[in-house]
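Take a moment with the sequence and the fold before reading on. The walk-through goes from the whole chain down to single side chains.

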Amino acid sequence: MQAISDMFQSFQNASDEALEIIYDTFLPPAAKTDESGTGPGFFGKADGFNETDFANSASGQWQQFWNGVQSFVAAVDWNESWIIGLMCFHALSLVLAITTRNNSTFQMILFCFLMGTVYMAEPLNRFLGEHHKSFSTQNYFDKHGVFMSTVWSTPMLLVGCVMLVQSLYNASSLLIKVKRAELIQRAKEQHKENTKSDSASGDDKKSK
């Protein structure tokens, strides 16, 4: 019983600590408990926890994210030729990934190429940041790589996910075909055995 009690207490402490982190992260300071409070425990509602403040904070986080997206879109000149070319490259990659889904060799080459370019995004971001004046009107390539991750790595990862889903679908379809063929072959063999048994029985009856 002591071991069960200790286990229960450890779970309670862990849950309280985890939810206290969430509580401190999302709730504004006015909605938090004082220093003596323990935050919203898993096994009971702590004093000072306000669901309305939590919901408002989550809504504010989402609004902040959406404002960041809008600011990013507004800050980029999408009419620059190299950005248009990059978007066309992503569209071409997606078309190739879909149209060559039955060509496993080409799919493997394309997938490795896309993942390799994602892997090289960081050094490529530094290189393009140093030479941006030769092709861009402004320097999008900051040290954090936000622009590079958004317009370079993310689309390629999405194309890679599409290819992965297609591969899983093809593998499952092939497995179904193989299993179906196996069942048909087994049924044919069973039919042959039954035919032979019936023939043998008929011959025995005739001989008698």
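Predicted model: local features only at pLDDT ≥ 70, side-chain atom pairs only at ≥ 80, totals over all residues.

The chain has six helices and zero strands. Read from the N terminus, its elements run α-α-α-α-α-α. Of the 208 residues, 21% count as buried. The accessible surface of the chain comes to about 15300 Å². Carbon and sulfur atoms account for 63% of that surface. Now consider contacts between residues at least 6 apart in sequence: 61% of them join residues at least 24 apart.

Go next to helix α4, residues 104-119. The helix has 16 residues. From first C-alpha to last, α4 reaches 22 Å, close to the 22 Å expected at 1.5 Å a residue. Which residues of α4 are buried? They are Gln107, Leu110, Leu114, Thr117 and Val118. Viewed down the axis of α4, these buried residues fall within an arc of 105 degrees, so they line one face of the helix. An α-helix has 3.6 residues a turn, so residues three or four places apart point the same way. The face of α4 turned away from the buried side carries exposed residues: Ser104, Thr105, Met108, Ile109 and Tyr119.

Start with Leu114, in helix α4. Its relative accessibility is 0%, so Leu114 counts as buried. What does Leu114 touch, not counting residues up to four places away in sequence? Its partners are Ser93, Met156, Val159 and Met163. Pro155 lies 41 residues from Leu114 along the chain, and the C-alpha atoms of the two are separated by 9.7 Å.

Thr117 is also in helix α4. Its relative accessible area is 12%; under the 20% cut-off, Thr117 is therefore buried. The side chain of Thr117 reaches the backbone oxygen of Leu114 at 2.5 Å. Leaving aside neighbours within four places in sequence, Thr117 is in contact with Trp152 and Met156.

Last, the cysteines. How many disulfides does a search of the whole structure find? The search finds zero. Cys88 has 48% relative accessibility, so it counts as partly exposed. Cys161, at 45%, counts as partly exposed too.

Note on methods. Residues numbered from 1 in each chain as written. Heavy atoms only, no water. Helix = DSSP H or I, 4+ residues; strand = E, 2+ residues; numbered from the N terminus. Expected span 1.5 Å × (residues − 1). Buried < 20%, exposed > 50% of the residue type's maximum accessible area, 1.4 Å probe, protein only. Arc of directions from axis to C-beta. Contact = heavy atoms within 4.5 Å. Polar contact = N/O pair within 3.5 Å; in protein donor to acceptor, adjacent residues only side chain to side chain. Disulfide = S-S within 2.5 Å. Areas by Shrake-Rupley, 256 points an atom, 1.4 Å probe, with all protein chains shown as cover.
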